[in-house]
Every structure is written in C-alpha cells, then in structure tokens.
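Please look over the sequence and the model shown here before reading on.

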Amino acid sequence: MAEGSGSGSGSGGGGRGPPAAFRRWEQLRRRAAAPWARGLLALAAGLGLVYAVLRVPVRLRDGLAAVTVFLSTLTPKFYFALTVTSSFISGLIFVFEWWHFRKYGTSFIEQVSASHLRPLLGGAESSPPAPARFSPGDGAHGLAECKVWRNPLNLFRGAEYSRYMWVTGKEPLTYYDMNLSAQDHQTFFTCDTDALRPSDTVMQKAWRERSPQARIRAARQALELNHDCATAYVLLAEEEATTIVDAEKYFKQALKAGEMIYRKSQNCHSQSPQHEAQLRRDTNVLVYVKRRLAMCARKLGRIREAVKMMRDLMKEFPLLSMLNIHENLLEALLELQAYADVQAVLAKYDDISLPKSAAICYTAALLKARAVSERFSPETASKRGLSTAEINAVEAIHRAVEFNPHVPKYLLEMKSLVLPPEHILKRGDSEAVAYAFFHLQHWKRIEGALNLLHCTWEGTFRMIPYPLEKGHLFYPYPSCTETADRELLPTFHEVSVYPQKELPFFIHFTAGLCSFSAMLALLTHQFPELMVVFAKAVMPPVPPVSAPSVLACS
C-alpha cells in the first residue's frame, strides 16, 4: 500500500519524480550504514593511501634518476651558455628594477605582485597610493593631498628661464609646471565678461596656447584691438622680453592700463554679479603687475624702491595674504641687512594660525643663529655646554629642518642647485630649491651661520625617528612629496627624498643572482672540466630501481 500510494502521488506530480529518488537514496544510505559496508569502505581507503605512499617516492626516484642521467651527458659548453644566459637576463632585470626605483621610488616586481598577484592568491588587494592633488588645506599639514603653491619668487620666462635654455640646452620647466601656470593665468586674468571685449576674448585663447610664439602673437593681436589691454602687456613682459629692463617697460605699460581699468571697475562693481567678477579680475591683474614691478626693481638693484613697493602693496590689499608677498619682502630686507625689519615681518606672519613655509622657518632660524654663530665653536660648546641663546638657535634650526629637511643640503652645498620651478610643494624638494636659490647668499653673509647649521641640523632626526607617523612641532611629514616634486622639477635634477628609502629586496636579489651567475660563467669558461665535475657532484647518482621492487611496491 505504501508503494502504491507512493506511485500514485508520483503520477499525480507528473510521473516518476523526487519522492521515488528520495526513497532510493534512503535505501542506499541504510545499506551504507551497515557495519560490514563501513568496514569495506575503510579498507578501500587504507589500500589507496598505502598505494599512494609507496608509489609517489618511486616516481620521484625515477624522475630524479632521469634528471641525473641527463645532466651527466651535458658538455661544458652547455654549462657556460646556461650561466651566461642567466647572468645576462638577471642583469637586465636588475638594470630595469634600478631604473624603475630611481624614477618612481618603488620596485616594479613588488608593485606588480601587490596589485595583480596578491588578489589572485586570495590576499587583500592593496590600493595604490592616491596621486598628488590640490587641497585647500595648509601645506604643512600631514594630509593625504599635496597642495601645490605658486612660487612667490618665480623667475621670468623670457628673461631668465629662456636664457638658461639657450645657454645650456636644457629645459628648466616641466610640462606639468607650465600647465599649472596656464591654469593660474586663466583663473587670475579672465572672467565671464571677457566675451564682451574682443581683446579680452583673444587673451582668453592666448593663455590656453601651448606654444610661446602663439601666445605672443595673440598678445600682439589683442593690443591691435585695444592699446590698453593690460593682460597683453603682462604676457609680453613674461615671455617676449629677454632682459629684466625690457620686462619692466612692459609691466609699466601694463600698470598704466591696469590702473585705469581698475578705477572703472570700482565705480560699477555693484551693478551686477558680472561687474563684481570683472572687479576681482582687474584687482588680480593690478596686484600681479605691481608685484612683478617690485621684483624687477629688486633684480635691477633698486632694493629700497622694491621694499617700498611691496609694503605699499601689502597695505593696499591686506586680504591677499595668500599670495605670500611677505616672502618677497623678507628676501629684499635680508639683502638690505635690515634684520630688525625682518624680525618685525616674522612677528606678524610666523603665527601658529598661518601656513608655514621654508622662508618663514629658515629666516627665523637665521636670525637666531646670527646672535651666536660668530662665537660658536663645537669644541667649546661640548666642554661648557650650550648657552640660552645657543639653545634657542639650535631649536630654531631643528624646527626649520623638521618643516623642510631638504634645505640644509642645498645651503651647505652638498647638492647642486637648479633654477626654481614656477610652483613649489611646501615641505618638498621643490620648495627647498626655491628657498636656497634666493637665500643661500644671506646665510653666507652671516659669519658662522652655515657652520652652526652644519653642526646641528642632523640632530633633528633623532627627535623624529618615524617622521611619516609622528612629528615633533609639525604634522607628520607627508608621503606624497616625492611624486609631486618629480613632476615639478626637471628630469636632470636628482630629487631629494625624505626619509631615505631602503633598496627593495628584488634589487638586492637580482644583483646577487647576476653576480653569482656571472662568476659561474667565468669559472666554467676558465675551468670547464672542473665545473662539470662540480655540477655532477651537486646531483649525486641515484641507484636504478629494479622491476621486481616496483611491482612489489605497486
């Protein structure tokens, strides 16, 4: 009855279905649950395990014997070719690894392993570090982003950067740096109402041109449309003028036109948002022109005139402190040796709430070193100890070195300088190059200042053994500076890296492998018979396995 009811229910479900299969599975499970069945399965598993244990070593011995026979038939020429090939391939890998490490700061093999092989092997996929990008935060903060700043003391393209390229044949500016400058010019010197004036429309296109000749032609075209186009004079002063004197003439024309346009914008800036944007643009142009005129005066030796122009500019536009005009003022005052005025500027801008810079920190250290450097002697200080003034000077140097550890090598002339880029990364090598380029002469002028720096700057690193994790007076040192500095500085300059990275394992490994295989190749070429004997000794002969023993084991 049970079977009949089962079949009936199965037919009602559409023929022989899951209930019948389930009953067969139950019957097999009950038979397998019997004691004699379990014993039979255990015996079969045991015999299989014994077969595997006895058979695998025999196969290994057979394979080893075949390898030994093959190696015994090889000639010395084969060993020589093998070692030479191995040395050549490992040498190529070593050279590529070294080049990749010097250019990008990482091992190519480790990078590929971490990004591709680790996920395949079941490990956690490590995301690559975020590239350097703009951030509105303080450059001294240990943020994940790297903020790139406009260099307050950037040189003139036509009168300085181009002359360097003509003399040396080397391009002093990178494409990334010039692209940032083009973005700055479009931000500062254009606005939404430029379409209403043909000359400003031409200048909008000029700032986007890649070729200097195309930009100069566009500026000339804008002046033909409007003789009072201030931005056209700015472009000609920056790129067409081949001397500082010529650049100053263009900037004076730009100042005359810019002041007239600025007064007009002031009178109608409240009429609409478009007029307010035009006033901001005209203000940016006027501030830029006055600042560059002050820099021209500084370069031409009229330092007091330059200081006056900078002071007046800072009083007229006090809200534009983000342009760091005070750094231009500091450098000019140091050239005048007006140290009391320098201290007054530092008292205003070396504040905990304001962004720091190498110019601020190292100028503060220079002033404190000036008070003790002339009489400072390491031998005397080690005997009697440091005075209060010397302790203050050493602490100021440690503070400056912690902010930017790359500067001392340039000030002490342990590394060669290049022309500073148009943009810098605070706490990075680009900022160190820009600071040392203009301030090295001020350190040399104060007797004993560089000697005090030489004796004390390395002591900073004992206070911050793990600079990427924890700082002493500042935030931890950002880890993204190397990547951004390589984009800002020219390729012929060796970028300073802090903290120093250890050579990756694979560079050591490939170097050792290349050297070892090259040594084997040399020995094989000089002593072929001896190396063959040595190779055969490394792989001892394996006694042949008789057929009955194989059958017995199987």
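## The largest cavity

The largest cavity holds about 150 Å³ of space, where a cavity is a set of points, on a 1 Å grid over the protein atoms alone, at which a 1.4 Å probe fits but cannot get out, and where a volume is the space filled by probe spheres set on the points, the points being joined across faces, edges and corners. This is a predicted model, in which local features need pLDDT of at least 70 and side-chain atom pairs count only at pLDDT 80 or more, while totals for chains, interfaces and linings use all residues. Residues are numbered from 1 along each chain as its sequence is written, and side-chain values use heavy atoms, with hydrogens and water left out.

A search of the whole structure finds 5 cavities of 30 Å³ or more. The largest cavity is lined by 15 residues, and Asn151, Pro152, Glu327, Ala359 and Ile424 are those nearest its centre; a lining residue has an atom within 4 Å of a point. The elements that contribute two or more residues to this lining are α16 and α20, with helices (H or I, at least four residues) and strands (E, at least two) taken as DSSP runs and numbered from the N terminus. The most comes from α20, which gives 4 residues. By class, the lining of the largest cavity has 8 nonpolar, 4 polar and 3 charged residues, where Ala, Val, Leu, Ile, Met, Phe, Trp, Tyr, Cys and Pro count as nonpolar, Asp, Glu, Lys and Arg as charged, and the others, Gly among them, as polar.

## The second largest pocket

The second largest pocket has a volume of about 640 Å³, a pocket being an open set of points with protein on both sides within 12 Å along at least five of seven lines. It is lined by 25 residues, of which Arg150, Asp184, Phe188, Met322 and Leu323 are the closest to its centre. Two or more residues of this lining come from each of β1 (148–150), α7 (175–189) and α12 (273–299), and α12 has the largest share, with 6 residues. The lining of the second largest pocket divides into 12 nonpolar, 8 polar and 5 charged residues.

## Aromatic rings

Rings of Phe, Tyr and Trp (its six-membered ring) pair if their centres lie within 6.5 Å, and planes under 30 degrees apart count as stacked, over 60 as edge-to-face and the rest as tilted. By this rule there are 10 aromatic pairs. The ring centres of Tyr362 and Tyr435 are 5.5 Å apart and their planes stand at 40°, so this pair is tilted. It links distant parts of the chain, since Tyr362 belongs to helix α16 (residues 358–370) and Tyr435 to helix α20 (residues 429–445), 73 residues apart. Both Tyr362 and Tyr435 are buried, which is to say under 20% relative accessible area, whereas exposed is over 50% and partly exposed is in between (1.4 Å probe, protein chains only).

The rings of Tyr477 and Tyr498 have centres 5.1 Å apart and planes at 90°, so that pair is edge-to-face. Tyr477 is buried, at 3% relative accessible area, and Tyr498 is buried too, at 17%. Ring pairs also join Trp457, Phe461, Tyr477 and Tyr498 into a cluster.

## Charged pairs

A salt bridge is a side-chain nitrogen of Lys or Arg within 4 Å of a carboxyl oxygen of Asp or Glu, and a search of the whole structure finds 23 of them. In one of these, Arg157 pairs with Glu239, with the closest N and O atoms 3.7 Å apart. This pair links distant parts of the chain, with Arg157 in helix α6 (residues 157–168) and Glu239 in helix α10 (residues 230–240), 82 residues apart, and both Arg157 and Glu239 are buried.

Another salt bridge joins Arg445 to Glu335, with 3.3 Å between the closest N and O atoms. Here Arg445 is partly exposed, with a relative accessible area of 30%, and Glu335 is partly exposed, with 21%. In the salt bridge of Glu482 with Arg486, the closest N and O atoms are 2.6 Å apart; because these residues are 4 apart in helix α23, about one helical turn separates them. Salt bridges also link Asp194, Arg197, Asp200, Arg281 and Asp282 in a network.
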